[in-house]
Amino acid sequence: KITIDLKSKGAQISEDLHGIFFEEISHGGEGGLYAELIQNRSFEESRIPEGCVLDSGWIIPPRTEHFGAHRVVDWKMPFEAKSDYPAWSMTSVGNAKANISLDLQNPLHVETPRSLKIDIVNADASNVVKIVNDGYWGIKVDQHATYRLTFYARPQGYRGDVTARLVSIDGQVLAEQKFHIRDVNEWQNFNGILKAKTSHQKAKFELVFSSVGKVWIDFVSLFPTKTFKDRANGMRLDLANYLAELKPAFLRWPGGCFVEGISVESAPNWKRSLGPVEKRSGTYSPWGYWSTDGIGYHEFLQFCEDINAKAMYVFNCGIACEMRSGVHVKDDGVPAIIADVLDAIEYAIGPKDSKWGSVRAANGHPDPFPLKYIEVGNEQVGVEYAKRFNVFYKAIKERYPQLEILAAMGIAHLNQPTIKAIDKMDFADEHAYKAAGWAMNYHDWYDKYERNDWKLYVGEYACNAGVGNGNMTAALNDATFILGMERNSDMIKMSSYAPLLENVNDTDWPVNLIRFDNARSFGRISYYAIKMLNENKASYNLSTTVDAPVTKDIPFFTGGIALSTWDTQAEFRDVEIIENGKVVFQSGNAGNNDWHFVGGKWSEENGVIAQRTEGAWPMAMLQRKTFSNYTLKLKARKISGYNAF
Ligand code: AHR
């Protein structure tokens, strides 16, 4: 029996409850939302990220191994790029002969010093050399569509033409244009429009050379002329439409772990992401690949305006990702970070004659952008973080009182030592990745939160374990979770699902909202659940009581402890739970062969259910309704954390 008190009027549901969170993960931007079709357009992708070389000569590695859908970090692996020029290759036809290499001499721009040197020793009209780009796992070509090409070439003794082409897998020419190069040993810029005669799902791009001599090429860029709002350096139409159709109240950018960086030096830098795209040196995503910064700070703000969303800018507060290097900038480095974030704000909303407002105006946008929220770092809790937060809060509020400042709280339940050490914040951003069944069993989770003088932003949530790549179960869990947020709308004012976008050819995270490859895209059921709940948001809460008999316990995450890891080779050894001084659970040291944790099966001991789930995000779970006064001891390989509920 459900009783609703129609006369009661609880908290208003926040207008800003549903936003979106963009991060460069799983090629969400590069080879995703960013409409660029050429991968590694500036030949910079084999670089070792700045600030990532350790004293030992090893670098703090990106994720270097691939296990099924989920790539993982092996902290001891040296950085090895797969090739000097990823996504590019050379083929020769007939007797043509050439060598290619990466070159740092006479760069097109100092910010992007590498170019591709092509030394052609034998070639003519029918014996040609081709420099081929695979795009992002293929290039989608549509009949009659047009593609805007730009590239730079510097010849030395090369007296031929160069032909740019889109070709099908079996070599059929889909579109082409010939360019004449002057043999003057200077960088020359070539621009053209390729018009497709035929459609093809997995085309490649080629530059074809038919003469001997040396030629350097750099910044080879190809965009569909049709992008979202027809912007030149724009967004892929289908993916941008998915985002716009969610009608997000805000857009959080640029991360996530991306903000934290592998090191502070390699973390994103908004100033480096402005201006001509060919001069942007890029940012190495901690998810294991380079971002060209084509979606830079200006493009982010512009996109917010284009989809009618408020902008939320997250900045690196001088702390690199704890799981990578955890490096903290010393106190004397903090004023520079403050100055930098104030510059970023001035760029977004300062008057057009202010220092950074005038740069915005020169970049084509004299009016302010809709910047409303500033978040200090990502998932960085602790007293040290709190002390830093206090300094940033004061400095930003003094100059821009109209902005709301968010403190990062991490994944676990609101970190009390952090909160106690924070003087004042507008929002706490707590993340909530949960397993299947959690939302149903803990539908009253937020009801129990102590109310404070700050609001809660659930900056990342998803049901992402025990649901494959995301299915109806995941959507029902997400919907239930959202209703729990609505019910607590006196406190929870904003939320965003994470991650948002996934190129299925290079997945970094098990469950994502919108999946795509180079040609196709779809929103998972959770996408439609969020869309429906956003479009049909309640105005306010009514007092409701539900009187339903409990039929049975769900043998799925009924509470207890969840050990989780991001490593598909995870092992949980010597796990021991001592409750009230008595051992209630003890696994051996046989790791994954221990009977308690053999995948897919339950084991039970003293009412404690143990399981190790298989799949993209394995978890060991120890469950029982409640543990009282327990301690947990474990030795686990590569464990990412545990939650106790
Ligand atoms: O959404 C994926 C990752 O999850 C984000 O980068 C990080 O903030 C969180 O841990």
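Which loop holds glutamine 12? Glutamine 12 sits in the loop between β1 (2-5) and β2 (20-21); helices (H or I, at least four residues) and strands (E, at least two) are DSSP runs, numbered from the N terminus. This is a predicted model, in which local features need pLDDT of at least 70, side-chain atom pairs count only at pLDDT 80 or more, and totals for chains, interfaces and linings use all residues. Residues are numbered from 1 along each chain as its sequence is written.

**Overall make-up**
- The chain's secondary structure comes to eleven helices and 36 strands.
- Of the 645 residues in the chain, 47% are buried; a residue is buried if 20 or more other C-beta atoms lie within 10 Å of its own, exposed if 12 or fewer, and partly exposed in between, with C-beta atoms placed from the backbone.
- Among contacts with a separation of 6 or more, 74% involve residues 24 or more positions apart; two residues are in contact if their C-beta atoms, placed from the backbone, lie within 7 Å.

**Glutamine 12**
- Glutamine 12 is partly exposed, with 13 other C-beta atoms within 10 Å.
- Leaving aside neighbours within four places in sequence, the contacts of glutamine 12 are Ser489, Ser539 and Tyr540.
- Lysine 493 is 481 residues from glutamine 12 in sequence, yet the two are 9.7 Å apart in space, C-alpha to C-alpha.

**Nonpolar core**
- The largest nonpolar core has 148 residues, of which Phe209, Ile217, Leu251 and Ala311 touch the most other members; such a core is a set of buried Ala, Val, Leu, Ile, Met, Phe, Trp, Tyr and Cys residues joined through C-beta atoms within 7 Å.
- This core lies between domain 1 (20-35 + 228-545) and domain 2 (88-224), because both give residues to it; the domain bounds come from an automatic or database domain assignment.
- Leucine 251 touches Gly19, Ile20, Phe22, Phe303, Cys304, Ala309, Ala311 and Met312, not counting residues up to four places away in sequence.

**Ligand shell**
- Around the ligand are Glu23, Ile25, Gly255, Gly256, Cys257, Asn378, Glu379, His431, Glu460, Ala498, Pro499 and Trp509; the criterion is a C-beta atom, placed from the backbone, within 6 Å of the molecule.
- The shell divides into five nonpolar, four polar and three charged residues; Ala, Val, Leu, Ile, Met, Phe, Trp, Tyr, Cys and Pro count as nonpolar, Asp, Glu, Lys and Arg as charged, and the others, Gly among them, as polar.

**Backbone exceptions**
- Most residues other than glycine have a negative phi, and most peptide bonds are trans.
- Alanine 498 and proline 499 are joined by a cis peptide bond with omega of about -20°, and proline 499 is in the loop between β24 (492-497) and β25 (501-503).
- Tryptophan 253 and proline 254 are also joined by a cis peptide bond, with omega of about 5°; proline 254 lies in the loop between β16 (250-253) and α3 (257-260).
- Phenylalanine 43, in the loop between α1 (29-33) and β3 (65-67), has a positive phi of about 60° and is buried, with 26 other C-beta atoms within 10 Å.
- Alanine 87 has a positive phi near 75° and is buried, with 20 other C-beta atoms within 10 Å.

**Helix α10**
- Helix α10 (residues 472-487) has 16 residues and reaches 22 Å from its first C-alpha to its last, close to the expected 22 Å, where the expected span is 1.5 Å times one less than the number of residues.
- Buried residues of α10 include Ala474, Phe481, Ile482 and Met485.
- Among the elements covering the buried residues of α10 are α9 (438-441), β23 (455-465), β24 and α11 (525-535).
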